[in-house]
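Student: I have a new model open on my screen, and I would like to learn how to read it feature by feature. Could you walk me through it?

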Amino acid sequence: MKRMKWAAFKIVMGILGSVMLVAGCSGGKEVEQEQISVRKQFEQLEATHEARYKLLENLEDTELARLLWEEQRANYFTMLNLISFHMTPGEFQYTQPQLLRLQDYGDMAEMTEAYLQSLLAISSHQHPHCMRYSGNHGFVLREGFEFPFRYRLIYSHMVFDDGNTLQLPDVANRQQETPDVIHRGGSYCYKEVFSTDDPQPTKVRGEFHAELPDNLIEFEFSAEDIGKTIEQNGYLVTLLEFEQGRYAIEIDAVEEKSLNFHSRDVVAEAVDVHGEYIAWRATEREPTTRAHRIHKLLEELFQRAEQGTISTEDALRELEVLRDTLLEEQGRKLFLSRAFNGIVDKARITLMIYSEESESFSRELELPVYNFPRPQVANEVNLNALPQISAATPVYDARAELNASIVELDAQQMQARVRMVQWHEDIESPDLQREYTGQIGWFYPPVQSDIFMQRQDRAGALHVLGEFEFYDEQGDPVEAREMSDANSEKLAFEYKPGSLEYPRMFGRLVYSPERFTKPPVRVKGILPMIVAPNIVKDSYAIDELPAGMALNGNQLMIDYAVFEPREVAEVRDELTERRNKVFVKDANGYLTEIKKETLYHPHSGRTAVDVYYFTVNRSRSRFGIRGILRL
């Protein structure tokens with residue numbers, strides 16, 4: 001069996017002094033310097049804000065001061081957000097299409113039915129957030145996937161087998177607690193402890209209301225389309241702006257068409273040059289120029305207030321005139337700008353069209369409660385006590401890494417698809433000074449081997465460190481200089497693996513520009529990266545399961561006292577080193593895992609029985625043990 005191996009990933013990039021610079025990772029390409037210093041923008045905006053505040057402190061007209069301060073404060077925070085919004089991406093993060101589920105089912109009605117059948121109520125003793133209330137005893141109300149259209153899902157009560165009920169908090173409306181139940185960390189916690197001898201929960205009552213769109217209209221733009229308007233079915237979308245990590249559009253329609261769009265009715269997505277969907281990080285629904293024009297008017301009003309040549313009524317009237325002008329200029333057109341965690345190659349917009357004739361859907365819900373006993377040792381009685389979870393309609397696993405077309409990046413793909421982000425924190429305050437002000441991080445798109453490895457384990461293992469060289473503007477090498485102060489022991493640069501602070505990076509290089517003999521402007525190096533191109537995939541048909549593996553409804557049991565996966569000869573501890581992953585697949589794709597329970601054989605070390613629940617369609621399913629990796 002082939003092992004994981006190290007691949008040498010070469011980097012060549014510039015090191016510059018502004019914040020959040022982005023570069024592709026192809027050999028020889030350099031980072032382009034950001035034209036506007038983000039730090040300067042923040043400093044200028046903050047200085048103006050403080051100056052205006054001091055001016056108002058000395059203003060005799062307190063009513064005018066109050067009006068101007070309210071307007072200034074609101075617009076100040078708007079403009080602060082706009083600076084962050086317009087910054088180039090600080091990381092690369094990938095996602096799946098928002099309407100991916102429509103590809104899994106024949107139509108919207110079938111998808112809606114699959115969603116309703118995927119709703120589950122599971123009660124167990126595995127809820128750490130419930131420790132202080134009921135000793136880990138609680139339940140979850142789980143949906144198989146996120147419903148993409150207009151809907152309301154309300155859970156009201158849990159019913160016990162003696163007829164008594166518990167009132168559930170309306171979490172959708174931010175209610176977190178009722179006299180009976182408290183919602184913490186995604187778990188619903190019972191407020192009273194009860195045993196198996198007490199009445200048991202049997203069902204959860206609720207309501208589901210949905211409205212299905214009449215039509216879905218798709219648009220696509222690229223950077224060359226700035227200023228272009230595309231019309232479909234009487235709806236017009238214009239691309240206003242297109243930057244590396246952001247685009248802005250305007251939506252209009254012919255006169256007889258309504259622009260009745262809710263916030264979720266316009267799906268604004270982006271893909272990179274390789275067709276990977278990029279996760280979005282922020283949305284603006286007003287043009288940037290709006291806040292800047294208000295900022296400019298406020299400057300005039302503050303000057304006149306200082307001179308004593310304006311009244312509260314005049315200031316209020318001029319602000320209202322500007323707002324009316326902005327609304328008139330906008331008309332009924334809708335503006336939308338979205339920033340993404342990546343470099344956008346194509347903007348993809350989908351309009352969900354609703355009308356008075358749109359199909360409405362309502363259903364009263366009574367979900368059965370599946371009660372799982374406390375985890376115990378594996379024996380026939382305990383395994384039989386595990387409930388059967390009904391799942392008639394398949395729900396497919398949408399994880400990007402599971403559905404990735406690439407098993408692992410090869411050397412050529414690394415140079416093209418691994419991305420780098422550089423940022424430089426030039427902080428003057430001693431209290432905020434970081435040990436290393438310069439940082440470079442690396443990101444890569446989803447690959448199948450992500451199922452087995454954490455991103456932070458990809459590069460920079462202690463025994464295989466990267467090699468880096470720094471250069472000045474003339475291309476000459478620069479070295480770390482001797483330090484005679486308290487920082488003499490500090491390294492000029494250091495490689496750090498990914499961490500909880502940087503969960504999507506597979507590693508980062510941190511450096512101190514002041515520690516070099518000359519200011520470094522470029523770094524070259526080789527960063528070793530662990531890869532696993534040869535995942536072993538074993539598959540078993542339902543009627544040909546090996547010994548130790550059994551299917552009971554949609555419940556798959558694997559008894560490792562009997563079943564031997566390929567890597568078992570090298571596993572020293574089944575609990576911590578079991579490296580096989582179990583998936584279920586039908587003709588259309590991988591099915592979602594509902595739940596997994598692990599029990600251990602008594603007097604047999606840590607040999608386990610794993611019990612999986614999948615959304616199984618028995619007529620089309622097969623089971624597979626996928627993936628064996630080891631160093």
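Tutor: Let's begin with handedness: a crossing is left-handed if the near helix is turned anticlockwise from the far one by less than a right angle, and right-handed if clockwise. Keep in mind that this is a predicted model. In it, helix 5 passes helix 6 in a right-handed crossing.

Student: Which residues in helix 5 and helix 6 meet?

Tutor: From helix 5 come Arg290, Arg293, Ile294, Leu297, Leu298, Leu301 and Arg304. They meet Ala315, Glu318, Leu319, Leu322, Arg323, Thr325, Leu326 and Glu329 in helix 6.

Student: How do helix 1 and helix 5 cross, left-handed or right-handed?

Tutor: The crossing of helix 1 and helix 5 is left-handed. Helix 1 spans residues 38–57, and the axes of helix 1 and helix 5 come within 11 Å, crossing at roughly 30 degrees. Angles under 35 degrees count as roughly parallel, so helix 1 and helix 5 are roughly parallel to each other. On the helix 1 side you will find Leu45, Thr48, Arg52, Leu55 and Leu56, which meet His295, Leu298, Glu299, Phe302 and Glu306 in helix 5. The residues of the contact of helix 1 with helix 5 divide into five nonpolar, two polar and three charged.

Student: What about helix 2 and helix 6: at roughly what angle do their axes cross?

Tutor: Helix 2, residues 62–86, and helix 6 have axes that cross at roughly 25 degrees and come within 9 Å. Helix 2 and helix 6 are therefore roughly parallel to each other. Glu63, Leu64, Leu67, Leu68 and Glu71 of helix 2 make this contact with Thr312, Ala315, Leu316, Leu319 and Arg323 of helix 6. Sorted by type, the residues of the contact of helix 2 with helix 6 are six nonpolar, one polar and three charged.

Student: Can we look at one residue in helix 5? Is Thr288 buried or exposed?

Tutor: Burial is read from relative accessible area, and under 20% means buried. Thr288, found in helix 5, has a value of 18%, so Thr288 is buried. Leaving aside neighbours within four places in sequence, Thr288 is in contact with Leu82 and His86.

Student: Now for the cysteines. How many disulfides does a search of the whole structure find?

Tutor: The search finds one disulfide. For a disulfide, look for a pair of sulfur atoms sitting together; here Cys130 is joined to Cys189, with S to S at 2.1 Å. Cys130 lies in the loop between strand 3 (120–124) and helix 4 (131–134), while Cys189 is in strand 8 (residues 187–190), so the pair ties together parts that are 59 residues apart in sequence. The torsion about the S-S bond is about -80 degrees, so the disulfide is left-handed. Both Cys130 and Cys189 are buried.

Student: And the backbone? Which residues other than glycine have a positive phi?

Tutor: As background, most residues other than glycine have a negative phi. Among the positive cases here is Arg174, with phi near 70 degrees. Arg174 is in the loop between strand 6 (165–167) and strand 7 (181–184), and at 76% relative accessibility Arg174 counts as exposed. Asn233 is another, with phi near 50 degrees. Asn233 sits in the loop between strand 11 (229–232) and strand 12 (235–243), and is partly exposed at 48%.

Student: To finish, what does the whole chain contain in helices and strands?

Tutor: Zooming out, the chain has nine helices and 33 strands. Buried residues make up 48% of its 631 residues. To judge how far contacts reach along the sequence, take those between residues at least 6 apart: 74% of them join residues at least 24 apart.

How values were computed: Residues are numbered from 1 along each chain as its sequence is written. This is a predicted model: local features need pLDDT of at least 70, side-chain atom pairs count only at pLDDT 80 or more; totals for chains, interfaces and linings use all residues. Side-chain values use heavy atoms; hydrogens and water are left out. Helices (H or I, at least four residues) and strands (E, at least two) are DSSP runs, numbered from the N terminus. Contact means heavy atoms within 4.5 Å. A disulfide is a pair of cysteine sulfur atoms within 2.5 Å. Buried means under 20% relative accessible area, exposed over 50%, partly exposed in between (1.4 Å probe, protein chains only). Axes are lines fitted to C-alpha atoms, for helices over the stretch in contact, and angles run from 0 to 180 degrees between N-to-C directions. Angles under 35 degrees count as roughly parallel, over 145 as roughly antiparallel, 65 to 115 as roughly perpendicular and the rest as oblique. Ala, Val, Leu, Ile, Met, Phe, Trp, Tyr, Cys and Pro count as nonpolar, Asp, Glu, Lys and Arg as charged, and the others, Gly among them, as polar.
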